[in-house]
Amino acid sequence: MEGDKDIAAERPTAGAILVSFVKIGAMLIGGGYAMLPLLEEEVVRRRKWATSEEMVDFFALAQVLPGVIAINTAMLVGNRLRGLAGNVAAAVGLLVVPFTLIVAYAIAYASAQDMPLVMGVLEGVRPAVAGMMLGMGANMMRKEARTLWALAVAVGACGAVLLWNPPMAWMIIGAIAVGIVWNWIAVRRVGDNAPYQRKEDE
Amino acid sequence: MLKLLADIFLSFFKIGLFTLGGGLAIISLVQQEMVGRGWLTNAQFMDILGIAQMTPGPIGVNTATFVGYRVAETQGHALWAAVLVSLFATLSVTLPSVIGVHFGGGWFERHRGSQWVRRVFAVLRPLVAGFVTAAGATLALECFGAADVYSLGDMKFGLPSCIVFAVAFALVVTKRFSPLWGLALGAVVGLCRVLV
């Protein structure tokens with residue numbers, strides 16, 4: 001592990017991963033999207049388990065794996081830290097609060113049909129979730145859309161989703177194809193395997 | 001009981017497996033499975049959508065938890081048994097993700113240094129940045145009363161909502177304080193609306 005800067009110096013235990021994700025899981029009930037900025041806050045800023053570039057990678061990967069994107073992203077973090085144990089710890093941690101709440105709702109279902117307080121809170125939290133998501137989008141744009149090409153991809157993706165809402169998984173698959181073709185052309189033209197460098201790496 | 005568990009496992013494993021890319025695409029499959037099997041009526045399904053109305057993704061998970069409990073309860077099982085069945089359903093819907101992340105994530109960790117993976121992710125990153133911005137914009141339009149981009153003109157701006165929105169945005173962009181404060185503010189505003 002020495003010298004491998006990509007992996008956190010001290011790998012957290014599966015227990016620590018679980019505890020960290022219980023808190024974030026509480027937000028699953030307020031919308032899967034709400035979880036992403038909080039995930040970034042906990043995993044990148046507080047625990048330093050991953051960089052925000054890696055979070056973007058995980059987020060991209062999460063979209064082509066089966067399951068809910070927000071949960072997949074968290075599980076990829078756990079998986080990276082502790083393998084299968086971390087993966088399961090992240091999943092269990094995330095699901096504790098939503099599970100408890102929904103079971104409580106199921107038990108109360110027969111007697112209490114609607115819960116104005118809960119609905120009021122959900123309604124009130126909505127603009128906060130929207131603000132958080134747009135803030136996160138702005139942060140990512142600032143960081144990722146640095147070249148003209150990247151900006152075109154980012155703006156194109158944003159516009160396409162807003163105007164036509166095409167399936168994101170297909171757009172991801174298309175982007176993967178573009179990346180592969182780009183690499184193929186680059187390798188053929190340069191004729192060697194000079195590794196591609198991100199802007200910041202240079 | 002065994003038959004019930006097998007049915008629940010198959011049904012929710014399938015839902016978990018086909019929840020690709022999140023979003024609302026999965027709702028019709030969940031509805032088809034639940035109503036088709038007679039586990040939920042359409043009205044009950046709408047109720048679950050209501051409780052999970054702001055959750056585009058975990059609708060499958062929430063439905064699994066709820067349906068697991070309800071089905072066991074209506075078959076006359078005790079409360080603890082129903083909670084266990086509910087847990088079982090929740091795990092069934094999560095299992096495809098655990099497997100997918102285990103293999104997909106493992107593959108990524110092994111290959112992320114290779115140049116073609118780096119190029120692919122150089123394309124994916126700005127794409128995802130666009131997705132997140134679009135998701136934020138869609139949510140913003142929704143909570144200010146516009147159904148989509150085409151109905152921008154119908155937006156109504158309530159002052160409290162605008163403040164909550166701006167605070168949450170600023171918290172995330174400045175990265176000085178936890179975005180949880182924005183959610184807390186929103187929750188307080190929501191409570192005040194109900195109580196006052």
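Author: Let us start with one idea: two residues are in contact if their C-beta atoms, placed from the backbone, lie within 7 Å. The model above is predicted, so local features need pLDDT of at least 70 and side-chain atom pairs count only at pLDDT 80 or more, while totals for chains, interfaces and linings use all residues. Residues are numbered from 1 along each chain as its sequence is written, and chains are lettered from A and ligands numbered from 1 in the order in which they are written.

Reader: Thanks! How many residues does the contact take from chain A and from chain B?

Author: Chain A puts 91 residues into the contact, and chain B puts in 86 residues. On the side of chain A that touches chain B, the elements giving two or more residues are H2 (32–46), H3 (52–64), H4 (69–108), H5 (116–144), H6 (148–163) and H7 (168–190) of chain A. These helices are DSSP runs of H or I with at least four residues, strands are runs of E with at least two, and both are numbered from the N terminus.

Reader: Which helix gives the most to the side of chain A that touches chain B?

Author: That is H5(A), with 25 residues. By class, the side of chain A that touches chain B has 65 nonpolar, 18 polar and eight charged residues. (Nonpolar covers Ala, Val, Leu, Ile, Met, Phe, Trp, Tyr, Cys and Pro, charged covers Asp, Glu, Lys and Arg, and polar covers the others, Gly among them.)

Reader: What is the secondary structure of chain A and of chain B?

Author: Chain A has seven helices and zero strands, and its pattern along the sequence reads α-α-α-α-α-α-α. Chain B has eight helices and zero strands, with the pattern α-α-α-α-α-α-α-α.

Reader: Now for helix pairs. At what angle do H5(A) and H8(B) pack?

Author: The angle is about 140 degrees, and the axes of H5(A) and H8(B) are 7 Å apart. Axes are lines fitted to C-alpha atoms, for helices over the stretch in contact, and angles run from 0 to 180 degrees between N-to-C directions. H5(A) and H8(B) are therefore oblique to each other; angles under 35 degrees count as roughly parallel, over 145 as roughly antiparallel, 65 to 115 as roughly perpendicular and the rest as oblique. Their crossing is right-handed, and the contact of H5(A) with H8(B) holds 14 nonpolar, six polar and three charged residues. (Left-handed means that the near helix is turned anticlockwise from the far one by less than a right angle, and right-handed means clockwise.)

Reader: Where do the axes of H4(A) and helix H5 of chain B come within 9 Å, and at what angle do they cross?

Author: You can find the place along H4(A) and residues 79–111 of chain B, where the axes come within 9 Å and cross at roughly 160 degrees. H4(A) and H5(B) are therefore roughly antiparallel to each other. This pair also has a right-handed crossing, and its contact residues divide into 13 nonpolar, nine polar and two charged.

Reader: Which residues in H7(A) meet residues in H6(B)?

Author: From H7(A), they include A:Met168, A:Ile172, A:Ile176 and A:Trp182, and the residues of H6(B) that are met include B:Trp116, B:Val120, B:Leu127 and B:Phe131. H7(A) and helix H6 (residues 115–143) of chain B pack at an angle of about 145 degrees, their axes 8 Å apart. H7(A) passes H6(B) in a right-handed crossing, and their contact has 15 nonpolar, three polar and one charged residues.

Reader: Is A:Lys48 buried or exposed?

Author: A:Lys48 is exposed, because 11 other C-beta atoms lie within 10 Å. A residue counts as buried with 20 or more other C-beta atoms within 10 Å of its own, exposed with 12 or fewer, and partly exposed in between, the C-beta atoms being placed from the backbone. A:Lys48 sits in the loop between H2 and H3 of chain A, and its phi is near 55 degrees, a positive value in a residue other than glycine.

Reader: And where is B:Lys175 found?

Author: B:Lys175 is in the loop between H7 (159–174) and H8 (180–195) of chain B. It counts as partly exposed, with 15 C-beta neighbours inside 10 Å, and its phi, near 60 degrees, is positive in a residue other than glycine. Across whole chains, 52% of the 202 residues of chain A count as buried, and 48% of the 196 residues in chain B do.
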